[in-house]
Amino acid sequence: MFANSDEALLQKQEQFLTRLTQLNPNFKHNSISHWLPSLQKQSDNQALFEQAKSKGVLDIAERVTGQALESTKSPLLTYETLATSAFKPLLRSQMVVELNQSITWMSLSGISSDQLINEVEKSKGVYIYNKPQQISALLSDYREYLLLSLVLAGLISWLLFSWRFTIKIALLQVTILSVVVLSMLWICNVIQGSLSLFNLLGALLVIALAIDYLVFYQINKLEPKNVLAISLSAASSMWVFGMLSASETPAIFSFGLSVMVGILAIYFLSPLSVLKPQKEQ
């Protein structure tokens, strides 16, 4: 919430909270208005007290307590007073006053998002800061980019395989890549209960390793030395990422599990890409 001065800011906040209270009297808020009312509100409260005193409204309270209720007539509480007191750290945690602009923030609960958005749109200089929602939107966009990256990786792989080998072999290899990625994601979903961004990140790494295996098998076929080299590479990779899958951190666990399962799948499926007619060998 923004305003040109501290007094204007406090009045704006009070008016905003009053409208929210009218929508839901039971809503809760953590704001500076709890302990620093605007000068206008302090003056109004003092006037109400004097009016109640003059009309005898407080007589019952005086008889019960045995004490006379009198206005202290003390100076009104201002931002400058609190800013030079022991309450300064608390004040600065919710309100900042600069030369031509004052800023405050507050947390709200017990009010619907639609009602809050509607009131914010009516108020100038009032904005909603919803960090969880922003993070969710960012992760959603990132998830879409990752899915697009997986599709592009498959397409580029097919083009390179087609150029280096044949279209038929390229289709077979891309099919193997697709089966590996889909089976990896399915197994991770069964184990974890749901998929995360780190599963998709692991899928990108699996595709990179799978392309190497497919190329090596296509060039060197099933020669013992080639199979041994790929087996050692797969074993070392599964060992490293298998250690990550033992982590209790969900992100590390998801990434390590994805890569380990993906490497295991491509290790057993990649030899299928070398099954070619004898005349082509």
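Ser33 has a relative accessible area of 16% and is buried. The model is predicted.

User: Where does Ser33 lie?
Analyst: Ser33 is in contact with Gln13, Glu14 and Leu17, leaving aside its neighbours within four places in sequence. Its own place is between a strand and a helix: the loop between β2 (28-30) and α2.

User: How far apart in space are Gly66 and Val151, C-alpha to C-alpha?
Analyst: Gly66 is in the loop between α3 (59-65) and α4 (79-83). It counts as exposed, at 63% relative accessibility, because exposed means over 50%. Gly66 and Val151 are 85 residues apart in sequence. In space, the C-alpha to C-alpha distance is 82 Å.

User: What share of the 281 residues is buried?
Analyst: The accessible surface of the chain comes to about 17400 Å². Carbon and sulfur atoms own 64% of that surface. Among the 281 residues, the buried share is 32%.

User: Which elements give two or more residues to the largest nonpolar core?
Analyst: The largest nonpolar core has 35 residues. Those with the most contacts inside it are Phe161, Val180, Met184, Tyr213, Ile263 and Ile266. The elements giving two or more residues are α7 (131-164), α8 (167-192), α9 (197-220), α10 (224-244) and α11 (250-269).

User: How many residues are in the second, separate core?
Analyst: In soluble globular proteins, nonpolar side chains tend to be buried together. Here a second core stands separate, and it includes Leu17, Leu20, Leu36 and Leu82. Its count is 19 residues.

User: Which residues does Phe161 touch, not counting those up to four places away in sequence?
Analyst: Phe161 is one of the residues with the most contacts inside the largest nonpolar core. Beyond its sequence neighbours, it touches Thr166, Ala170, Gln173, Val174, Leu177, Ile211, Leu214 and Val215.

User: What distance separates the C-alpha atoms of Cys188 and Thr21?
Analyst: Along the chain, Cys188 and Thr21 are 167 residues apart. Their C-alpha atoms are separated by 47 Å.

User: What is the relative accessible area of Ser254?
Analyst: Ser254 lies in helix α11. It touches Gln192, Ser196, Phe198 and Asn199, not counting residues up to four places away in sequence. Ser254 is buried, and its relative accessible area is 6%.

User: What value is phi of Lys221 near?
Analyst: Lys221 lies in the loop between α9 and α10. At 27% relative accessibility, Lys221 counts as partly exposed. Its phi is positive, in a residue other than glycine. The value is near 60°.

User: How far apart are the C-alpha atoms of Lys53 and Thr18?
Analyst: Lys53 sits in helix α2 (residues 39-54). It is partly exposed, at 22% relative accessibility. Lys53 touches Leu58, Glu62, Leu69 and Glu70, with residues up to four places away in sequence not counted. Thr18 is 35 residues from Lys53 along the chain, and the C-alpha separation is 26 Å.

User: How far apart do the centres of the positive and negative side chains lie?
Analyst: The chain has 20 positive side chains and 19 negative ones. The centres of these two sets lie apart by 10 Å.

User: Of the contacts with a separation of 6 or more, what share joins residues 24 or more positions apart?
Analyst: The count takes in contacts in the chain with a separation of 6 or more. Residues 24 or more positions apart account for 65%.

Notes
Residues are numbered from 1 along each chain as its sequence is written. This is a predicted model: local features need pLDDT of at least 70, side-chain atom pairs count only at pLDDT 80 or more; totals for chains, interfaces and linings use all residues. Side-chain values use heavy atoms; hydrogens and water are left out. A nonpolar core is a set of buried Ala, Val, Leu, Ile, Met, Phe, Trp, Tyr and Cys residues joined through side-chain atoms within 4.5 Å. Buried means under 20% relative accessible area, exposed over 50%, partly exposed in between (1.4 Å probe, protein chains only). Helices (H or I, at least four residues) and strands (E, at least two) are DSSP runs, numbered from the N terminus. Contact means heavy atoms within 4.5 Å. Accessible areas come from the Shrake-Rupley method with a 1.4 Å probe; for residues, only the protein chains shown count as cover. Lys and Arg count as positive and Asp and Glu as negative; His and the chain ends are not counted. The place of a charge is taken as NZ of Lys, CZ of Arg, CG of Asp or CD of Glu.
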